[in-house]
Amino acid sequence: MGVLRSMQSLQAEVEEMRELLRGSAGGGNSGGGLKMQPASVKRSTGGDEVEGDERVVCVTGGISFVGFAVVNRLLEVGYTVRLALETQEDLDKLREMDMFGEMGRDGVWTVMANVMDLDSLCRAFEGCVGVFHTSAFVDPSGVSGYTKHMADLEAKAAERVIEACVQTQSVRKCVFTSSLLACVWRQNYPHDRRLPTRLDENCWSDESLCRDKKLWFALGKTMAEKAAWRAARGRDLKLVTICSALVTGPGFRRRNSTSSIAYLKGANEMFSEGLLATVNVERVAEAHVAVYEAMNNTAGGRYICYDHKIQRAEEAAELDRQLGIPCRTFSENSSDRPAWFELCNRKLSRLLSARRRCTYDIYYSYRVD
């Protein structure tokens, strides 16, 4: 969901996105070079088989901070991307960029789609084999006022996106952008243990705790991901979710400030328990594409995604400063009381490591031959 911005802010964002695209144009297939031939795949639907291209995908929220990075990554590795845009502002922003042309130039098509409208989603997804749902509701006033109502809307949108994937015959896979906040807010922690409790993909945030603490952003992410899994259960659709930590990277203060401020509600408690973490937006994008490509094999379920755990009070306070939030006081744990929890992203790390080894082996064999 978009946030209305001033023309000056919009132009600054357009320039930044244009520079990012220029920087990657030479390294991938999006800049007009040789394109990889997409593999043909078929989905069985009631005895009939529907053919589609494995490398034709749709991305919702494709000009958001995370969505744009995912689109850029997809283009770099040879995908054809359909951008599902929700507002005229989104479309105007793309036209200002003058990088994603009409009629599929540079491997990108655009289509207008409302995530609350099932029919428009089905039209947007038609002909695509994969869907990346990176769209999310944000505070329309541009501050940290993410509300319980917005959490409810996000859950309903998740249901509609999954239902549209199921109803669209060409779609076989969906990568759903969730949040680490859907894992960390739990009750009845065993604080009397000597060793920290591991927090991994099996952990879910407690919705009633989120409501009690008025953690509406965490509640929305938890409700939306659970809604997606319910909607996909027993259906002819492969689903994975990426539970990302606080997403940072170049320009995140301007382009992702509303979500970041909402994410950091409760930051003191997360920090004291060893659960405050960040992840660079490029790693998030890499994770989305890598998991999507591994879904034909063994990839499935949830994936926690972070690359840095904040363990010093100065780092936590710096996040507040970068986002323009009044600085809070973060108390570091003493050496005789370690953090209660240990974040674990082993599942994603193994997948990415195996993917990199495979890529290296293929390249090395080619060079030797």
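**Helix α13**

I started with helix α13 (residues 313–323) in this predicted model. Helices here are DSSP runs of H or I with at least four residues, strands are runs of E with at least two, and both are numbered from the N terminus. In α13 I found A313, A316, A317, L319, D320 and L323 buried. Buried means under 20% relative accessible area, exposed means over 50%, and partly exposed lies in between (1.4 Å probe, protein chains only). Down the axis of α13, the buried residues fall within an arc of 145°, so they line one face of the helix. That arc is taken from the directions from the helix axis to the C-beta atoms.

What do the buried residues of α13 pack against? I noted β9, α9 (252–255), α10 (257–263), α11 (267–272) and β10. After α13 comes G324, with a positive phi near 75°.

I then looked at the salt bridge between R321 and E318, at 2.9 Å, N to O. A salt bridge needs a side-chain nitrogen of Lys or Arg within 4 Å of a carboxyl oxygen of Asp or Glu. R321 and E318 are 3 residues apart in α13, about one helical turn. R321 is partly exposed at 45% relative accessible area, and E318 is partly exposed at 30%.

**Ground rules**

I number residues from 1 along each chain as its sequence is written, and side-chain values use heavy atoms, with hydrogens and water left out. Local features need pLDDT of at least 70 and side-chain atom pairs count only at pLDDT 80 or more, while totals for chains, interfaces and linings use all residues.

By the salt-bridge rule, I count 13 in the model. E207 meets R211 at 3.8 Å, N to O. Both lie in helix α7 (residues 207–212), 4 residues apart, about one turn. E207 also meets K226, at 3.5 Å, N to O. This pair links distant parts of the chain, with E207 in α7 and K226 in helix α8 (residues 216–232), 19 residues apart. R211 is partly exposed at 32%, and K226 is partly exposed at 24%. Shared partners join E207, R211 and K226 into one network.

I traced an open sheet of 3 strands, in the order β9-β10-β12, with mixed pairing. Pairing requires at least two DSSP bridges between two strands. The edge strands are β9 (246–248) and β12 (308–309), each pairing on one side only. β10 (residues 277–280) pairs with β12 in the antiparallel sense over 2 bridges. Which residue of β12 is the bridge partner of T278? H308 is.

A287 sits in helix α12 (residues 281–294). Its relative accessible area is 0%, so A287 is buried. A287 touches I242, C305, L348 and L352, leaving out residues up to four places away in sequence. Contact means heavy atoms within 4.5 Å.

The largest nonpolar core has 113 residues, and F125 and L180 have the most contacts inside it. Such a core is a set of buried Ala, Val, Leu, Ile, Met, Phe, Trp, Tyr and Cys residues joined through side-chain atoms within 4.5 Å. Among the residues F125 touches are C58, R82, V161 and V171.

**Confidence**

Mean pLDDT of the protein chain is 80, and 73% of its residues reach 70 or more. pLDDT is the predictor's confidence in each residue, from 0 to 100. Residues 1–7 are below 50, with 16 contacts beyond near neighbours in sequence. Residues 44–50 stay under 50, with 12 contacts beyond four places in sequence. Where pLDDT is low, the predicted coordinates should not be read in detail.
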